[in-house]
Number of protein chains: 2
Amino acid sequence: MSKTDVINQDLAKERSKCEFNIEELTNYLDGSAQATENRRKLENKVLSTEGLLDKIPEDFLSHKEKYENAVRKAVLFYRALNNAQDPNMSDQEKANATYRSLLPSAVFKDQSPFTLHVAMFIPTILGQANEEQKKYWLARASKMDLIGTYAQTELGHGTFIRGLETTATYDPKTEEFVLHSPTLSSYKWWPGSLAHTANYCVVMAHLYSQGKSCGIQPFIVQLRDEETHMPLPGIKLGEIGAKLGFNTVNNGFLGFENHRIARDRMLMKNAQISKDGTFTKSVNSKLTYGTMVYVRVAIVNGMANQLARAATIAVRYSAVRRQSELKPGAGEPQIMDYVTQQHKLYIAIASSHAFSLIAKWLTRKYYSVTADLEKGNTGELPELHATACCLKAVSTLDTTGLIERCRLSCGGHGYMLSSNLPQIYGLATAAFTYEGEFTVLMLQTARSLVKAWEQASAGKPLSPTMSYLTQKGQSSKWSNSIDGIIDGFQRVAQGKLESAIASIKKYSKQGLAPEDAWNMSSVRLVAASEAHARVVILSTYKSELERTTTSLSEPLRRVLGYLLHLYAFYWTLEKVGDLLLYTSISEGDIQQLEDVYEDLLGKVRPNAVGLVDAFDFRDQILNSTLGAYDGRVYERLMEEALKSPLNAEPVNQSFHKYLKPFMQGKL
Amino acid sequence: MSKTDVINQDLAKERSKCEFNIEELTNYLDGSAQATENRRKLENKVLSTEGLLDKIPEDFLSHKEKYENAVRKAVLFYRALNNAQDPNMSDQEKANATYRSLLPSAVFKDQSPFTLHVAMFIPTILGQANEEQKKYWLARASKMDLIGTYAQTELGHGTFIRGLETTATYDPKTEEFVLHSPTLSSYKWWPGSLAHTANYCVVMAHLYSQGKSCGIQPFIVQLRDEETHMPLPGIKLGEIGAKLGFNTVNNGFLGFENHRIARDRMLMKNAQISKDGTFTKSVNSKLTYGTMVYVRVAIVNGMANQLARAATIAVRYSAVRRQSELKPGAGEPQIMDYVTQQHKLYIAIASSHAFSLIAKWLTRKYYSVTADLEKGNTGELPELHATACCLKAVSTLDTTGLIERCRLSCGGHGYMLSSNLPQIYGLATAAFTYEGEFTVLMLQTARSLVKAWEQASAGKPLSPTMSYLTQKGQSSKWSNSIDGIIDGFQRVAQGKLESAIASIKKYSKQGLAPEDAWNMSSVRLVAASEAHARVVILSTYKSELERTTTSLSEPLRRVLGYLLHLYAFYWTLEKVGDLLLYTSISEGDIQQLEDVYEDLLGKVRPNAVGLVDAFDFRDQILNSTLGAYDGRVYERLMEEALKSPLNAEPVNQSFHKYLKPFMQGKL
């Protein structure tokens, strides 16, 4: 549907009221006008592929049909994407583009069954294979004459990698590893593609050689015969069942019964095993951290995108939907005229901007630390790790909450799968758990904060994102400015960290072991970590917005400024208790903030539709009856409903089989 | 599986550590030992019905198959339930028992396609039909020789009933009503059973007679031919598509093309129309409020039940799951030993107890107000209405948040549909919207609060639940006791209401119309409503617990006391900002509360599994791989996965069709 077709009048009016140039904002979000053009070209090419978009919505299919349909589309999608992409891009660049773009959302309600091949199998080979291995496996993997995946998590172990139970025992007589699953809980569980799609897999297993443990190591294992696709002897494969989301990703389980693989199937860039079984451990165990951090940064960016998608749907619907009366006889207003609705939605737009800027900032940080690592300098890795942990955690916390808020703001229709809001939530909430569970990550950051506090007490300097912990800050006079608020949030983080450390000391004094004192204080430690994340998010949002918008037009800068202020005031009012405890904020300051916040909602109001238009998701990527560009909400709800196979017949067979005899008293 | 079969050792140990008698608590929750026995007998009888429980989990079926399977089971379930129920119960009592019990959860992942017949069609006839109509329709409905539903919501209108567009125009020449859907947005949308199940329906439509509007009235409409089940001429029916939950309920749409029905099809207990078209309106329009309030009270009870179900699953899993290390070399602890996990879970148990007691209290209030109504005394109806509004809203807010918290506390496995946690969330979150959307209800309560405030200013007495608004309370000295906390929450509600009213006045002074000033202040009004709800919940939880536990054994009373205190301290710490603003709570008080809260988590710890066992959900009702009584978590996860139709074949057909040619470069 082109943008010039019939548009809902309310939406058209909203667009005419917008105070900035929408295309200018799109270009800013993409990075440049050229980047916008490239993205649109890629989308045009891929989405025009015959047979790629579903005619019957996936939600009506059975679990098995969903998978079969997804394989059909994955093949088409992969070819189309490959043909459309710049052939000069490296495999890694291509992989990144696929991983970060929301383009697959137009094709799969979640992700392709090939996702793990691109997102994990290839990167693991790049990071952990030696040169010889890389040459062979990358050649095959990049042209996809095999499909790989990555198996780490087990039925009984996710977070605690050292606890993985799968064993790889080296047998020097045959120069083979014997892979084995000693218990039910040692079965690999969760890897995408694993069930019926992949025929190769990187398996993380506990290596034993010469009777000794050699830690968790990566092995490439052939799972299925290349001709028949039958699982190889000693390999048990299957799928793990239906889930809240990702049902086309083909998550599987994998068990080994003394399955043998050759010695060269261990990925040996970092650790090695010689023919006789002598183990040489990795020079620097921190080197494997890198990929983990990278994936977490990508998740922050993914959150920004998914949140933008949900906000687009909810804001457009709120401009089209009219309900109730504000004033008797004045007709039903657009529901976006209700201030409570503005309060629900605009923070979602602002948060998406915040996370998008933060992801870009964190990516730059990641590349700079990686460059240092190559030079053997690991000094900044701990700070990067601590920052990525809490930002991944808090961005998923906020995003999942805000996506639900967007969904619920659409009333009953947000409950329809045709709105796509339930599925977007399903995707986002998975990120709360995968690649580092929320609480686990928050406690990792807390450990860094406690360490930093101790260093500071010992007079040592702190890393940039934590240096505020030793600063004094304003204590006498609160200011409702952005800088005043950032300063206030720094005092909160200081105060919460101090309180958590005091709690650890208290429990230690009572005779608890250090680990128990830590555990008893862990609710407070998580709170300190969150407070720290709020400081990083707020101060980075401000500094990155300032840094990146100097060449933008004045109207656009003004509106982006509204969002930053709205974000800061929203969080100040959310965390007012903490601020009252640790800063000099007064009741009068708070009342003034409430007034200014309400005023800001009114200033964003005429720009709301323009702001979500600028995210520039085309209708196929939104995949939503409520959020399409033209605002034909009710027509689309009916059109989608009529696609239900149940609506193909006026009378369902169950009437004759069950209902009629039942009503006639014969059943 | 009987309780004497093999039990996970960790769970068995937990049960042996429990400090109270589990059966005693179950009896308390059921009302009496006799009530427990009756419930168990009913469950035994119904659940032993051949063919009632699925062999292949519903999650693997297509949308259409789910419906067909649900109709098959609905017929079996209805007959089994009818046979098992006491024949001396009235239809209303039977309907209530079916509506409130979680028994259907063992059979349907959500609800039966007959639910609306029992929950809405019959009650509407009881409440709105005259004696003659009642006699005819109730006779047919109670033996189910017809299946009815209730159609009010339209594609374009939910909350705003006056805005409904479906018209019923009386034609005195033929003594008929002409039902018509003038627009797409006037199509009825959402009613359960409507799509392919029901053949009769109560339709709410805008009545016109003698050229005048006569308001929204109820009509019984035959939808389908009783023999062929074909939609009658002038009636368009279908289903609305897939949803986040309730996919076996068969939600439908309904449109009319000048469809004629006889005059006696208008339900005429309250308003009437004579043969010549003279309209007589209802004597008291408030009489129809009753059912609405009743349904909201039932929802609070439903929330208590669903939350108990989620807590049972998460607590048992947390006793079985072992992960990471607290102390090096000490082995992996049960994840429930992490204080952060206790913090996530125990508030869910306590909240379920709170909502259960509040629902019972509100039910008694409802019956007492209804008895008054029969005597023509409507004085207490507004207070009941205001209380039910905010309690329904806040109980769904808390419950949905806590169910997600339980789900996320189970890590990745909580994302599996076989855990049943995603489906329980899907059910609960629907209640956030249906029967009164959250924000709409909160603003209705806010209107009552503002009115009460004005009455108090004029020296008039306030209704019991609001009388605290005029009381002075402690202002000088905060106390960390339950009474002190309740008093503090009262001050918060007072303060927030005062601030919202001040905001309305400020905007009015600036020249805004009263409605606009209200709208501008609506975020603060919702906050005042929530603060009021917190007062009602906390004070009622305390008083009802005290009132109902006098004859319990000391150990049980002690543990129930832990839960009350945990609940009070949890909310004090959550709302500490409000308390700092409006009470004299000090930093020292807060630190003390944090200590006591952590101490209470430790006291609940040995009783946690006992507390959820006492909810006494049998495995079929929990329907969860993670939550079963025996704790065979990993075995069940694998058993359920193996039921996936995808696992019936080692190689899926999509390999030959797509994957192989693709990998060989031929696609």
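I count a salt bridge where a side-chain nitrogen of Lys or Arg lies within 4 Å of a carboxyl oxygen of Asp or Glu. With that rule I looked for linked groups, and A:Glu23, A:Asp30, A:Arg39, A:Arg40, A:Glu43, A:Asp616 and A:Arg618 came out as a network of salt bridges. The model is predicted.

**Entry: salt bridges within a chain**

I took the total over all chains, and the rule gives 102 salt bridges. I then went through individual pairs.

In chain A I looked up A:Glu176, which forms a salt bridge with A:Arg260, the closest N and O atoms being 2.9 Å apart. A:Glu176 belongs to strand 3 (residues 176–180) and A:Arg260 to strand 9 (residues 259–262), so this pair ties together parts of chain A that are 84 residues apart in sequence. I checked accessibility for both partners. A:Glu176 has a relative accessible area of 22%, which I note as partly exposed. A:Arg260 is also partly exposed, at 39%.

In chain B I looked up B:Lys41 and B:Glu37, whose side chains meet in a salt bridge at 3.5 Å, N to O. These two residues sit 4 residues apart in helix 3 (residues 33–47) of chain B, so about one helical turn separates them. B:Lys41 is partly exposed at 47% relative accessibility, and B:Glu37 is partly exposed at 40%.

Next I took B:Asp613, which forms a salt bridge with B:Arg316, with 2.8 Å between the closest N and O atoms. Which parts of chain B does this pair tie together? B:Asp613 is in helix 19 (residues 608–613) and B:Arg316 in helix 8 (residues 289–320), so the link joins parts that are 297 residues apart in sequence.

**Entry: contact between chain B and chain A**

I listed the residues in the contact: 134 come from chain B and 134 from chain A. The two chains bury about 11500 Å² between them, and 63% of that area is on carbon and sulfur atoms. On the chain B side, B:Tyr415, B:Phe662 and B:Met663 lose the most area to chain A, and together they make up 7% of what that side buries.

I then counted polar features across the interface of chain B and chain A. There are 18 salt bridges and 66 residue pairs in polar contact, with both residues at pLDDT 80 or more.

The side chains of A:Glu325 and B:Arg162 meet at 3.7 Å, N to O.

**Entry: A:Ser644**

I located A:Ser644 in the loop between helix 21 (633–642) and helix 22 (653–663) of chain A. Its relative accessible area is 1%, so I put A:Ser644 down as buried. What does A:Ser644 touch, leaving out residues up to four places away in sequence? The contacts of A:Ser644 are A:Phe60, B:His63 and B:Glu239.

**Entry: annotated binding site**

I read the UniProt record, an unreviewed entry, and its annotation "binding site" covers A:Thr153 and A:Gly192. These positions span 40 residues in sequence, but no two of their C-alpha atoms are more than 11.2 Å apart, so they gather at one spot.

I placed A:Thr153 in the loop between strand 1 (148–151) and strand 2 (167–171) of chain A. A:Thr153 is partly exposed, with a relative accessible area of 26%. Not counting residues up to four places away in sequence, A:Thr153 touches A:Gly158, A:Tyr187, A:Lys188, A:Trp189 and A:Trp190.

A:Gly192 is in the loop between strand 4 (188–189) and strand 5 (200–209) of chain A. I find A:Gly192 buried, because its relative accessible area is 3% and the cut-off for buried is under 20%. Leaving aside neighbours within four places in sequence, A:Gly192 is in contact with A:Leu116, A:Thr149, A:Val249, A:Asn250 and A:Asn251.

Definitions and conventions:
Residues are numbered from 1 along each chain as its sequence is written. Chains are lettered from A and ligands numbered from 1 in the order in which they are written. This is a predicted model: local features need pLDDT of at least 70, side-chain atom pairs count only at pLDDT 80 or more; totals for chains, interfaces and linings use all residues. Side-chain values use heavy atoms; hydrogens and water are left out. UniProt positions are given in the numbering used here, feature names are shortened, and annotations may be inferred rather than shown by experiment. Buried means under 20% relative accessible area, exposed over 50%, partly exposed in between (1.4 Å probe, protein chains only). Contact means heavy atoms within 4.5 Å. Buried area is the accessible area (1.4 Å probe) that two parts lose on being put together, summed over both. A polar contact is a pair of N or O atoms within 3.5 Å; within protein, one must be able to donate a hydrogen and the other to accept it, and residues adjacent in sequence count only if both atoms are side-chain atoms.
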